[in-house]
Amino acid sequence: MSGPDLLFYFFATLSLGGGLLMVFSRHPVSAALFMIVSLVGVASLFVLLDAFFLAILQVLVYAGAVMVLFLFIIMLLDVGPSGAKASKVKLLSGVAGLISVGLLVVLLLDLGLGSMDCSECSAENCDACGESAAFAWPEIRDETAANGNSLIFSPSVKAFGFGLLAKYMLPLQVAGFLLLAAMVGVIILSKKSTAEGEG
Amino acid sequence: MEFDSEMLQQLGLKALFALLMVSAVMTMAGYSVLAERKVSAWMQGRVGPNRTVLPFVEHIPFIGPFLKGLGIFQPLADGLKFLFKEEIVPGHVNKVYYYMAPLVALVPALTTMTVLPFGEYFDEAGNSSPLILANLEVGILFIFAVSSLGVYGIVLAGWSSNSKYPFLGGIRSSAQMISYELAMGLSLLPIFLWVSVPGSEDSALSLVGIVNSQNDGAWLLIVQPVSALIFLVALFAETNRLPFDMPESETDLVGGFHTEYGSFKFGIFFVAEYAHIVVGSAIFTTIFLGGWHFLPWIADPWPATWIGTLLGIGWFLAKTVCLIFFFIWIRWTIPRFRYDQVMNLGWTKLLPLALVNLIVYVLLVTWLDQPPSVTP
């Protein structure tokens, strides 16, 4: 087994194991920490795919910012192991569990089909496969990338930037607007409650 | 890619370089502690540590007493003291996280240096390549990502100690880090805009690109003073230095997050803090003070050979040491802010200032980058 393979199995175990332990650990702080382990594991898998930018964003946004907030809230509210058991909505958790299992099944089926395609490809016309793998993508040029049609897959930051701000400009704006609306809503809700508390 | 001998050789070489760099930073961290004690002593009209000396050095005429007076051997004694003290674990702590916290605090402080360029070397043709452990295209983001993990060490230490003062320290620290990370990131966006001129090969997210853009030109400190100011203030907050040492403010929280820590575990926290300062100073030097390049608008006066490499590294270190001195200087000059003042400064002053700064530079860069055909 080669080095990158070993690393892949190590980090895959890390991310899956971290995820499992997160679900099964009884203390919320432990759960949050295992989630960080899992996120860092996934980031390492991105590194193995040469997608440094994605890996760093994963650590920066999820492990570095979101999880710090989670931990902050858990500690501030002092949720202990008893607090985790408090959720008594059995029906809701049952439905959520069913949906997750369904998604997992779909994913596995899709993966199985996908790998079958790949094996056929490598068995029958492996010349084409090898050729496409060795093919060097051309550099992104500003003028061709402006309309986003000639975007090619690349792990470089420039590709992400052109993709987000040229081709997917509208979805980006819509997502930003949604987040803004959510933020304004949260501010209004929290303002209202404090005003009532004072009055 | 199999593990063949060439790859092993490469790995060994990388490991050796990494070890060298870690020991260099750790030495600098150790001597920053000494510098802190000496500078604070001078500022307060005291002498500072001046008694520790190795037995045989003491008898060298002139040099021995001089080194003794400088306290050169004090870090050695401090380190040994931490190592040989009795290891006490209070009974009420959460053991696993209690032991884990110092490590979690130290590792990010030492990991950020992997993407830090500190010099350049020249091949026979005179082409320069940066001296750096891993030349990542997105180095500056890597530093942000890894240093944002450092807060877990403090939060875990505060939480696992199961006692009031450390807990308050941990909570304050996480709130402070979240607040100032935003301003820090925003303050660097104008830099990226400024450095990545259309058509240039350098990616502005790479620290090497930022340094080389300052070669034989203006330092970014001169071009973007507001960014530099915000970055510096946020750096003080992120390294938990006075006037922002909320997590351990010893007058109201005893020792803050490390109240329950003693001996070597406390030593690790201590070294991690100073390693943060060293690496932070080096990052500021890289981004705003031109890295290893000479003064603004003056080309490097040293030849493009190994002499130039050494002088460049020396120049880089000199700038870094000046910044470390600046850190110490501020600590003994400005009193600690109150917690609400820290939050106020972060959210209502620095963050809007960073946003305005960004907008101004967006407009400026847009105006400067207009294609020549548009301007008459």
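**Briefing: chains A and B**

Among contacts in chain B between residues at least 6 apart in sequence, 75% join residues at least 24 apart. In chain A, residues 24 or more positions apart account for 42% of the contacts with a separation of 6 or more. Both values come from a predicted model.

**Chain A**

- Chain A is built with 9 helices and 0 strands.
- Read from the N terminus, its elements follow the order α-α-α-α-α-α-α-α-α.
- Of the 199 residues in chain A, 15% are buried.

**Chain B**

- Chain B contains 14 helices and 2 strands.
- Of its 376 residues, 45% are buried.
- Along the principal axes, the C-alpha atoms of chain B fill a box of roughly 75 × 55 × 55 Å.

**Where the chains touch**

- Chain A brings 20 residues to the contact and chain B brings 21 residues.
- On the side of chain A that touches chain B, α1 (3–24) and α3 (52–77) of chain A each supply at least two residues.
- The helix that gives the most to this side of chain A is α3(A), with 14 residues.
- Sorted by class, this side of chain A has 16 nonpolar, 4 polar and no charged residues.

**Helix α6 of chain B**

- Helix α6 (residues 151–160) of chain B has 10 of its 10 residues buried, so it is largely enclosed by the rest of the structure.
- The buried residues of α6(B) include Y152(B), L156(B) and W159(B).
- Both chains take part in the cover: what lies over the buried residues of α6(B) includes α2 (28–48) and α3 of chain A, together with α4 (95–111), α5 (139–149) and α7 (164–195) of chain B.
- After α6(B) comes N162(B), which has a positive phi near 55°.

**The nonpolar core**

- The largest nonpolar core has 119 residues, and those with the most contacts inside it are I56(A), A234(B), A275(B) and V278(B).
- Helix α12 (residues 263–288) of chain B gives the most to this core, with 15 residues.
- Leaving aside residues up to four places away in sequence, A234(B) touches Y180(B), A183(B), M184(B), S187(B) and L350(B).

- Most residues other than glycine have a negative phi.
- D50(A) is not a glycine, yet its phi is positive, near 70°.
- The loop between α2 and α3 of chain A holds D50(A).
- D50(A) has 12 other C-beta atoms within 10 Å, so it counts as exposed, since a residue is exposed if that number is 12 or fewer.
- N162(B) also is not a glycine and has a positive phi, about 55°.
- N162(B) sits in the loop between α6 and α7 of chain B.
- N162(B) counts as partly exposed because it has 16 C-beta neighbours inside 10 Å.
- P335(B) is placed in the loop between α13 (306–331) and α14 (339–368) of chain B.
- With 8 other C-beta atoms within 10 Å, P335(B) is exposed.
- From P335(B) to L221(B) the separation is 114 residues in sequence and 26 Å in space, C-alpha to C-alpha.

Notes. Residues are numbered from 1 along each chain as its sequence is written. Chains are lettered from A and ligands numbered from 1 in the order in which they are written. This is a predicted model: local features need pLDDT of at least 70, side-chain atom pairs count only at pLDDT 80 or more; totals for chains, interfaces and linings use all residues. Two residues are in contact if their C-beta atoms, placed from the backbone, lie within 7 Å. Helices (H or I, at least four residues) and strands (E, at least two) are DSSP runs, numbered from the N terminus. Ala, Val, Leu, Ile, Met, Phe, Trp, Tyr, Cys and Pro count as nonpolar, Asp, Glu, Lys and Arg as charged, and the others, Gly among them, as polar. A residue is buried if 20 or more other C-beta atoms lie within 10 Å of its own, exposed if 12 or fewer, and partly exposed in between; C-beta atoms are placed from the backbone. A nonpolar core is a set of buried Ala, Val, Leu, Ile, Met, Phe, Trp, Tyr and Cys residues joined through C-beta atoms within 7 Å.
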